[in-house]
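These notebook entries record what I looked up in one structure. I began with the fold and then turned to charges and individual residues.

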Amino acid sequence: MKLMTIIRTHTPTSLKPKRLILCLTLLFSIGISQAQNRGHYKKEYQQKIKAYRVSYFTEELDLTVEEAEKFWPLYRQYDKRKDSLHRSYSHRHKTLRDSLSEITEEQALQLLKQQQQKETLLFQQKKEQIEAFTRIIGPKKTFKLMHLEHRFRQRLIEKIRKKEKEHQE
C-alpha cells in the first residue's frame with residue numbers, strides 16, 4: 001500500500017497517461033504480431049503438408065513424368081473445389097453449431113438438408129475425379145490413390161498426435 005502511494009506521489013501526472021498509452025500500444029502490437037505469426041505458421045504448415053502429400057503420392061503411385069504433369073494440376077483443382085465446398089458449408093453452420101442446444105427443429109432440418117446437399121456434391125465431385133484420374137493414370141493407380149489418400153490422412157494424424165504428445169512431455 002505504501003509503495004503505491006510513493007509511486008503516485010513521485011510520478012508526475014503528465015507521465016501516467018503516456019505510460020498507459022505506451023503499455024496499451026505495446027500490448028496491442030504484441031497481440032497483432034502473434035496473430036500474424038499464427039497465420040504465417042498456419043500457411044507454412046499447410047504448405048509443408050501439401051509438399052509432403054505430393055512427395056508421398058508421387059513416390060507411392062510411381063508416376064511417370066508425363067502422368068505427373070497431367071495429374072497434379074487436376075488433383076490440385078479437385079482439392080481446391082473440395083476445400084471450397086467444405087469451407088462454404090462449415091461457415092454457414094458454425095453459428096448454429098455453437099448454439100446446438102438452442103436450435104429449433106426447423107433449423108435442424110435445414111442443417112440436415114444442407115448436409116445432404118454437401119454430401120451429394122462431394123460424391124459427384126469424387127465420381128468426376130475418379131473418372132478423370134482413370135483416364136490420366138489408369139484404373140489401378142487411381143484405385144491405389146483412393147487408398148493412399150486415406151493412408152496419408154492417417155499418417156498425418158499420427159504425426160500430429162506424436163508432436164502434441166512430445167510437447168506435453
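The entries below follow the order in which I looked things up.

**Entry 1: the chain as a whole.** I noted at the outset that this is a predicted model. I then counted the secondary structure and found 4 helices and 0 strands. Along the sequence, I read the pattern as α-α-α-α. I also looked up how much of the chain is buried: of its 169 residues, 21% are.

**Entry 2: salt bridges in general.** How many salt bridges does the whole structure hold? My search returned 7. I examined several of them in turn.

**Entry 3: Lys48 and Glu44.** I found a salt bridge between Lys48 and Glu44, with 3.9 Å between the closest N and O atoms. Both residues belong to helix α2, and because they are 4 residues apart, about one helical turn separates them. I recorded Lys48 as exposed, since its relative accessibility is 53%. Glu44, with a relative accessible area of 30%, is partly exposed.

**Entry 4: Glu60 and Arg151.** I next looked at the salt bridge in which the side chains of Glu60 and Arg151 meet, at 3.2 Å from N to O. This pair links distant parts of the chain, as Glu60 is in helix α2 and Arg151 is in helix α4 (residues 105-168), 91 residues apart. I noted Glu60 as partly exposed at 25% relative accessibility. Arg151 is likewise listed as partly exposed, its relative accessible area being 27%.

**Entry 5: Asp79 and Lys82.** The side chains of Asp79 and Lys82 form a salt bridge at 3.6 Å, N to O. I placed both in helix α3, where they stand 3 residues apart, about one turn of the helix. Is Asp79 buried or exposed? I recorded Asp79 as buried, because its relative accessible area is 13% and the cut-off for buried is under 20%. Lys82 is partly exposed at 29% relative accessibility. I then followed the shared partners and found that salt bridges join Arg53, Asp79 and Lys82 into one network.

**Entry 6: a positive patch.** Which residues gather in a patch of positive charge on the surface? I listed Lys50, Arg76, Lys80 and Arg87. Helix α3 (residues 65-98) supplies the largest share of this patch, 3 residues. Lys50, by contrast, lies in helix α2 (residues 15-61). I noted Lys50 as partly exposed, with 48% relative accessibility.

**Entry 7: the loop between α2 and α3.** I located Asp62 in the loop between α2 and α3. What is the phi of Asp62? I read a value near 55 degrees, which is positive although the residue is not glycine. I kept in mind that most residues other than glycine have a negative phi. Asp62 is exposed, as its relative accessible area is 57%.

**Entry 8: two further residues of helix α3.** I found Glu67 in helix α3, with its side chain reaching the backbone nitrogen of Thr64 at 3.0 Å. Glu67 is buried, its relative accessible area being 16%. His86 also lies in helix α3, and I recorded it as partly exposed at 31% relative accessible area. Finally, I looked up the separation of His86 and Lys118: they are 32 residues apart in sequence, and their C-alpha atoms are 7.9 Å apart in space.

Definitions and conventions: Residues numbered from 1 in each chain as written. Predicted model: local features only at pLDDT ≥ 70, side-chain atom pairs only at ≥ 80, totals over all residues. Heavy atoms only, no water. Patch = residues over 30% accessible without salt bridge, like charges linked within 9 Å, V, L, I, M, F, W, Y side chains within 5 Å. Areas by Shrake-Rupley, 256 points an atom, 1.4 Å probe, with all protein chains shown as cover. Salt bridge = Lys/Arg side-chain N within 4 Å of Asp/Glu carboxyl O. Lys, Arg positive; Asp, Glu negative; His and termini not counted. Charge placed at Lys NZ, Arg CZ, Asp CG, Glu CD. Helix = DSSP H or I, 4+ residues; strand = E, 2+ residues; numbered from the N terminus. Buried < 20%, exposed > 50% of the residue type's maximum accessible area, 1.4 Å probe, protein only. Polar contact = N/O pair within 3.5 Å; in protein donor to acceptor, adjacent residues only side chain to side chain.
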